[in-house]
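Here is a short briefing on one predicted model. Keep the structure open while reading.

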Amino acid sequence: MDTKILSTSKEDIRLAADIIKAGGLVAFPTETVYGLGANALDPEAVGKVYKAKGRPSDNPMIVHISHKDDMCKLTDLMTPDMERLMDACWPGPLTMVVPAKDIIPRVTTGGLDTVAVRMPSSETARDLISESGVPIAAPSANLSGHPSPTTAQHCVDDLMGRIDAIVSGDDCQVGIESTVIDMTGETPMILRPGILTAEKLSEVLGKEVLPDPSLLKKPEISKDTGNVVNTEDFRPKSPGMKYKHYAPKAEMVIYRGEEAAVREAIEKKAAELRASGKKVETIIYRDDESEKAAHEFFGRLRECDKNNTDVILAAALSESGVGFSVMNRMFKSAGYNIIDLDKEKGSGKTMIIALASDHGGYALKEIVKKHIKEKDKDIKIVDLGTHSEESVDYPVYGKACGEAVASGKADLGIVCCGTGIGISMAANKVKGVRCGLCTSVEMAHLTKEHNNANILALGGRTTEPELACQIVDEWLDTEFAGGRHKRRTDMLDEM
Ligand code: TXA
Ligand code: MG
């Protein structure tokens, strides 16, 4: 197939729109990454997108619109939360999953009864959509499994000869794909993190927004396909999250730990590998450069491919804010190949602590968070919410924290609710969790020494903040005694 290269002139956009209307495929720029567009209402055209990308057919497309009013053509649902997000974030890098109307072919939704909708802020993208007069289904314009394209050249590299045209516009500003948020339940859930973070969206909505639990887990990767193996505890709601993604040709290793130590370890390893004749690239960003990292990351991977790099050594960013979204991509590109320097040091010191509370424990959670940050700046906190005093359900948060710890995503967890009782029950339902509710320093000591509690539960309404912080310190500073206690904790873990 002859692939036309088009500009962003009015005339060329009209040409591109004609191709879409006629059932063809056009790659075009958006503010996040380049998309590969087809008429979302034409099953045959959408079928061609899967084929051109080599994409599994159960991985649904995002449907792009150019006016907020077009939302009601795709779904019957319109909640105040949706309106708030549309007002605050559209046009922009936010995709909402909502129930799909029947006019959307199921090939577009990968067979699901929901549809993902986004209104991009890129003017070129919106001009193309409105000129086409139809919603445009557009996954990222890369071959399935390759890093997403952030320049027109990346689309040329992957799709030349496979699609009808490429609109060659500006490089993408954001650099990682839109945030995908599921709006079909009571609590909006982030299915794919992006530049608009859970914290930010939660601010807009004035209520909690949670990450899908699968985002907090290290999945099992199949050696044959590189895809995620669906297990009892890894069932991503977003089908795309289970496929091999963003993989560079080089072997990639992520170093996690204290910033200076990571740099040193990477430099040492790079020198070693180079001495043995390997071509090595390093990808290192500081924690305060997460937006820059998002902007450049996919391009860096593609550069490595072009240079025939053998090994990529990358520094992990702190997993908060946009760093969480960058790391979501980085872990996948590296096939979860991670070297934890802190664990290697065998310091026995906790590095990542997951915090979670309901509304009754919210105030205490915030106090404990501040306390830990002041106590030890090497401890990383992952705050799983809730983010306000608005009423929420403790089982949701107890479970989220339990899963973060059981999966190894966090080393330890702290949960708070009014009394600490309900949320500890929820956490203890997760296999591998040993959550101890403590109301005194002595209990904190013993729950670590004897039970090796990996989650500490506190009561926001029953334990004074000062005592709660002493409990936290005692629990963190106490070592597990092992011996006969180990036999018992092993029995617990088997239950
Ligand atoms: O920034 C972006 O979103 C880019 C540009 C082109 O707009 N598009 C993009 O599309 O990243 P794609 O196809 O590469 O990723 C779509 C993601 C996949 O992870 C897919 O599983 C998820 O959205 N998704 C789509 N429809 C869904 C649905 N109904 N329910 C859950 N997840 C859905
Ligand atoms: Mg993609």
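**Salt bridges**

- Arg-434 counts as buried, because its relative accessibility is 12% and the cut-off for buried is under 20%.
- The side chain of Arg-434 meets that of Asp-493 in a salt bridge, at 2.9 Å from N to O.
- This pair links distant parts of the chain, 59 residues apart. Arg-434 sits in the loop between helix 14 (421-428) and strand 21 (435-437). Asp-493 belongs to helix 17 (residues 484-494).
- Asp-493 is partly exposed, at 24% relative accessibility.
- The count of salt bridges in the model comes to 28.
- One of them joins Glu-319 and Arg-256, with 3.6 Å from N to O. Glu-319 lies in the loop between strand 16 (311-315) and helix 10 (322-333), and Arg-256 in strand 14 (residues 251-256), so the bridge ties together parts that are 63 residues apart in sequence.
- Both Glu-319 and Arg-256 are buried.
- A network of salt bridges links Arg-256, Glu-319, Asp-340 and Lys-409.
- Asp-383 and Lys-369 form another salt bridge, and their closest N and O atoms are 2.6 Å apart. Asp-383 is in strand 19 (residues 380-383) and Lys-369 in helix 12 (residues 359-375), 14 residues apart.
- Lys-369 is buried, with a relative accessible area of 15%. Asp-383 is partly exposed, with 21%.

**Strand pairing**

- Strand 9 (residues 179-182) and strand 10 (residues 189-192) run antiparallel, joined by three bridges.
- The two strands form a hairpin, and six residues lie between strand 9 and strand 10.
- Asp-182 has Met-189 of strand 10 as its bridge partner.
- Strand 10 also pairs with strand 11 (residues 210-211), in the parallel sense and over two bridges.
- Met-189 has Leu-210 as its bridge partner in strand 11.

**Surface charge**

- A patch of negative charge gathers Glu-258, Glu-259, Asp-287 and Asp-378 on the surface.
- Asp-287 is placed in the loop between strand 15 (280-283) and helix 9 (290-306).
- Asp-287 counts as partly exposed, at 39% relative accessibility.

**A buried helix residue**

- Ile-471 is in helix 16 (residues 465-477).
- Ile-471 is buried, because its relative accessible area is 0%.
- Leu-456 is 15 residues from Ile-471 along the chain, and their C-alpha atoms are separated by 9.1 Å.

Terms used:
Residues numbered from 1 in each chain as written. Chains lettered and ligands numbered in written order. Predicted model: local features only at pLDDT ≥ 70, side-chain atom pairs only at ≥ 80, totals over all residues. Heavy atoms only, no water. Patch = residues over 30% accessible without salt bridge, like charges linked within 9 Å, V, L, I, M, F, W, Y side chains within 5 Å. Areas by Shrake-Rupley, 256 points an atom, 1.4 Å probe, with all protein chains shown as cover. Salt bridge = Lys/Arg side-chain N within 4 Å of Asp/Glu carboxyl O. Lys, Arg positive; Asp, Glu negative; His and termini not counted. Charge placed at Lys NZ, Arg CZ, Asp CG, Glu CD. Helix = DSSP H or I, 4+ residues; strand = E, 2+ residues; numbered from the N terminus. Buried < 20%, exposed > 50% of the residue type's maximum accessible area, 1.4 Å probe, protein only. Pairing = 2+ DSSP bridges.
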